Amino acid sequence: MDNRLIFEKSDSGRKASYIKKPGISLREPKEILPENYLRSNLELPSLGELEVVRHYTNLSKRNFSLDTNFYPLGSCTMKYNPKINEELSSLEGFLNIHPYQNEACLQGALELIYNLEKLLSEITGMPRFSFQASSGAQGELTGMLMVRKYHKVMKNRKRKVIVPDSSHGTNPATSSMCGYETVVVESNKDGLIDLDKLNKAVDAETAAIMLTNPNTLGLFEENILDVAEIIHRNGGLLYYDGANFNPLLGITTPRLMGFDVIHLNLHKTFSTPHGCGGPGAGAVGVVDKLSDFLPAPVIDKKKNKFYFNYKIKHSIGKVRAFYGNFSVLVRAYAYLLRLGREGVVRVAQNATLNANYIREKLKDDYNVASNKPSMHEVVFSCTKQKEKGAPAFDIAKRLIDYGMHPPTMYFPLIVKEALMVEPTETESRKTLDYFVESMLEINNEITENAQMLHDAPHTTPVKRVDEVRAARNPDLRWHPNK
Ligand SMILES: *Cc1c(COP(=O)(O)O)cnc(C)c1O
């Protein structure tokens, strides 16, 4: 494998052929640009067309993606993103519009957002939505800023936000960013909310609880109605982190569970290629009593015309420029229309079936974090494997050699040696079987040669990188003398 940078492959005098368009005479840069904008020496690589094609095609083959391999990254819902969504979001009328155009020329786009809101309302029971937030995390911030403003307007003296110890890191982070004290409630031995401990933690100063259901262990919070009752009795609100909504689509709603404000990760549940930071959309939905607090504007309809409605009595204002990641909304809308009511339910059922299939096939060899049945993801605890000499980290790295993306590791924090597997509904039984067989094989490898696992992966251009340094201090420069 040729690991050289394109600069290192450069060969003076080589270039791609270039066909001039007839009738257009090109002018030299110095004829049109002021002198101080011209560079005398720009070290661009010189290569022939075929060399450039090979360079980038080979690079693209090193990219791990959902389109190439199984990607069971728990909590991230890496489901297949139908290509028709990409085509539809690239239609001229969606692609070549600008938020500064006036409403009259944006009617189609506004109608799409309006209709998407209606569909999500039906799916979640929440009557109103904002689509400004660009991610789940930003959706949480948006929702909790609304909670804070609600309590302020109602003159409720609130100081604390409750999160379970299994919560996603963005939940306590959001609570802190909103100026609340975060109170962590320990889970019970089944991995669910402990009602006694919750009762002790809640008081008149409780502003809200932030929960995801199913929780990060992939378990349905069976006592959710009791939780809602406890929080509401104390004048608090329930925030639903909808990142795990996939297995409940069309089956129940956060509204029925007693939640007041929610976000959905449209890029996860409703399919947009995501990862490495974007693009995403955190749709924030609210019950009626919070709709006066939504970010402005929302999209409304009057006399068959769609318009931006800025008249929101207690709006928290804007949470980003313009109206949100529009192309993600197009994908989510296309995805929903294509599935229809029955398809949406099958998504939930198959996601749950697939996770439990893996759980059943592996549970004799790998400990499972809880004895309760799983929803869309299953958390293994690789303590037996660690004792034999290979911690969860080594198993995850070894899976790369088998051609699969590692599951989420060491999350949730309350599970020792956690591997969190979310197969999603879009994988075939064959793929699930391959994953299961590979995990069993790796378990055997530990006994035979634990050191080999410790050195994995063996098939990638780089082996084990210092992950903190690689993320914080990446070396992306060209070193001409190296
Ligand atoms: C992914 C996720 C989030 C954050 O969503 P982003 O879109 O990545 O910001 C929050 N909570 C849970 C449970 C998640 O899985």
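These questions and answers walk through strands, cysteines and salt bridges in a predicted model.

Trainee: Which residue in the turn between strand 8 and strand 9 has a positive phi?
Mentor: Strand 8 (residues 298-302) and strand 9 (residues 305-309) are antiparallel and share 5 bridges. Lys302 stands opposite Lys305. The hairpin leaves 2 residues between the strands. The one with a positive phi, about 45°, is Lys303.

Trainee: How many disulfides does the structure hold?
Mentor: Take Cys382, which is buried at 0% relative accessibility. The nearest cysteine sulfur is that of Cys76, 18 Å away. A disulfide needs sulfur atoms within 2.5 Å, so Cys382 is in none. For the structure, the count is 0.

Trainee: Is Cys76 buried or partly exposed?
Mentor: Buried means under 20% relative accessible area. Cys76 has 23%. That makes Cys76 partly exposed.

Trainee: What separates Glu229 and Arg233 along helix 10?
Mentor: Their side chains meet in a salt bridge, 3.1 Å from N to O. Glu229 is partly exposed at 42%, while Arg233 is exposed at 54%. Both belong to helix 10 (residues 224-233), 4 residues apart. The separation is therefore about one helical turn.

Trainee: How far apart are the closest N and O atoms of Lys363 and Glu360?
Mentor: Side chains of opposite charge can pair when their charged atoms come close. Lys363 is partly exposed at 38%. Glu360 is partly exposed too, at 45%. They form a salt bridge, with those atoms apart by 2.7 Å.

Trainee: Is Asp194 buried or exposed?
Mentor: Asp194 forms a salt bridge with Lys197, at 4.0 Å between the closest N and O atoms. Lys197 counts as partly exposed at 36%. Asp194 has 16% relative accessibility, and under 20% means buried. So Asp194 is buried.

How values were computed. Residues numbered from 1 in each chain as written. Predicted model: local features only at pLDDT ≥ 70, side-chain atom pairs only at ≥ 80, totals over all residues. Heavy atoms only, no water. Buried < 20%, exposed > 50% of the residue type's maximum accessible area, 1.4 Å probe, protein only. Pairing = 2+ DSSP bridges.
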